[in-house]
Amino acid sequence: MNIQTPQTCIRFTDLTVGYNSHAAVHHLSGQIGRGTLMAIVGPNGSGKSTLIKTIVGLLPAMSGSCRITPGTSVGYLPQQSELDRSFPARVVDLVSMGLWQKRGLLGRHRACDRRAVRDALEAVGLGGFGDRSIDSLSGGQLQRALFARVLVQDADLILLDEPFNAVDEKTIRDLIVLIRRWHEEGRTVIVVAHDMDLVRAHFPQTLLLARRPIAWGDTRTVVTPENLRRARQFQEPWDDSAPWCDPEEHAGHSHAAHAHVLGQGAA
Ligand SMILES: Nc1ncnc2c1ncn2[C@@H]1O[C@H](COP(=O)(O)OP(=O)(O)OP(=O)(O)O)[C@@H](O)[C@H]1O
């Protein structure tokens, strides 16, 4: 039985998740405390987006579980590549979509909602961009608009999938300010990232994945050359057509990682 303390935001119990009976992440156990600011890192194809989608509820567990403490509202920023930019919408419409959990899909927006959307656009440096069509935005401007949508969601748990991808340094700095503010407000923020210097500088906690948890805990002890090398080693020989999980291999190699996950990832 899982015991969720009031401080727990997410609990993974031997979670395995994937596609068409192939595991993309397997045997993840541990918990994320409320108010945690955490990065998820790992090589391409190591299961970072898959894990985020499972937390958001878009992908069911194959076995084990991922539980969010009841009553936790969730905000999610998908990878830009998953967005259809040709959809005929204005920036203000995109940002207003963040209100649907409060107002419903067809709900009328009140004056306070319109103000919240305007304030969010100002906060991300897109004041005056409301009437622009989303296909006219640069990549960095679109990322700012997506952050504005997360701002109006006003969620307890915020999941950002590669928010720093293909944006310039100034935009990254501005987005980091927003992320830090969410953290200071006591929200739980989980960010998929590839830039290890940025992770070391801004994220106190890190989960390093290579289809399985390699290490999890204090960023200084997780993002080490040795752990990154191990992550690459686990990832490179991976066979996408392999059976969904090899218990022998799991028992032999991931025991140390598990101990680390349970010892340091647990909040
Ligand atoms: N819809 C899907 N159907 C089948 N397999 C998928 C699907 N989405 C992802 N995968 C596979 O699952 C594995 C993990 O993918 P995932 O996108 O979670 O990795 P990632 O760590 O986010 O990678 P990246 O850093 O490249 O974004 C990969 O082998 C990928 O090919």
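Q: A crossing of two helices counts as right-handed if the near helix is turned clockwise from the far one by less than a right angle, and as left-handed if the turn is anticlockwise; which hand does the crossing of H4 and H5 have?

A: In this predicted model, the crossing of H4 and H5 is right-handed.

Q: What makes up the contact of H4 with H5, by class?

A: On the H4 side stand Ala 116, Val 117, Ala 120, Leu 121 and Ala 123, and they meet Ala 148, Leu 151 and Val 152 of H5. Sorted by class, this contact has 8 nonpolar residues, no polar ones and no charged ones.

Q: How do you know whether Ala 145 is buried or exposed?

A: A residue needs 20 or more other C-beta atoms within 10 Å of its own to be buried. Ala 145, which is found in helix H5, has 23 other C-beta atoms within 10 Å, and therefore Ala 145 is buried. Leaving aside residues up to four places away in sequence, Ala 145 touches Val 91, Leu 94, Val 95, Leu 126, Ile 134 and Leu 137. The C-alpha atoms of Ala 145 and Gly 130 are separated by 9.3 Å, and these two residues are 15 apart along the chain.

Q: Why is Asp 174 called partly exposed?

A: Asp 174 lies in helix H6, residues 169-184, and has 18 other C-beta atoms within 10 Å. Being buried takes 20 or more and being exposed takes 12 or fewer, so a count in between makes a residue partly exposed. Asp 174 is therefore partly exposed.

Q: What makes the phi of Asp 154 and of Ala 166 worth a remark?

A: Phi is near 55° in Asp 154 and near 60° in Ala 166, and in each case this is a positive value in a residue other than glycine. Asp 154 lies in the loop between H5 and strand S6, whereas Ala 166 lies in the loop between S6 and H6. With 17 C-beta neighbours inside 10 Å, Asp 154 counts as partly exposed, and Ala 166, with 13, counts as partly exposed too.

Q: Why is helix H1 called mostly covered?

A: Helix H1, residues 48-56, is described as mostly covered on the ground that 7 of its 9 residues are buried. Among the buried residues of H1 are Lys 48, Leu 51 and Ile 55. Just after H1, Gly 57 takes a positive phi of about 100°.

Q: How many residues of domain 1 are in contact with domain 2?

A: Domain 1 takes in residues 7-72, 158-171 and 183-235, and domain 2 takes in residues 79-155. In contact with 8 residues of domain 2 are 10 residues of domain 1, and this side of domain 1 has 4 nonpolar, 3 polar and 3 charged residues. The C-alpha centres of the two domains lie 25 Å apart.

Note on methods. Residues numbered from 1 in each chain as written. Predicted model: local features only at pLDDT ≥ 70, side-chain atom pairs only at ≥ 80, totals over all residues. Left-handed = near helix turned anticlockwise from the far one by under 90°. Helix = DSSP H or I, 4+ residues; strand = E, 2+ residues; numbered from the N terminus. Contact = placed C-beta atoms within 7 Å. Nonpolar A, V, L, I, M, F, W, Y, C, P; charged D, E, K, R; others polar. Domains from an automatic or database assignment.
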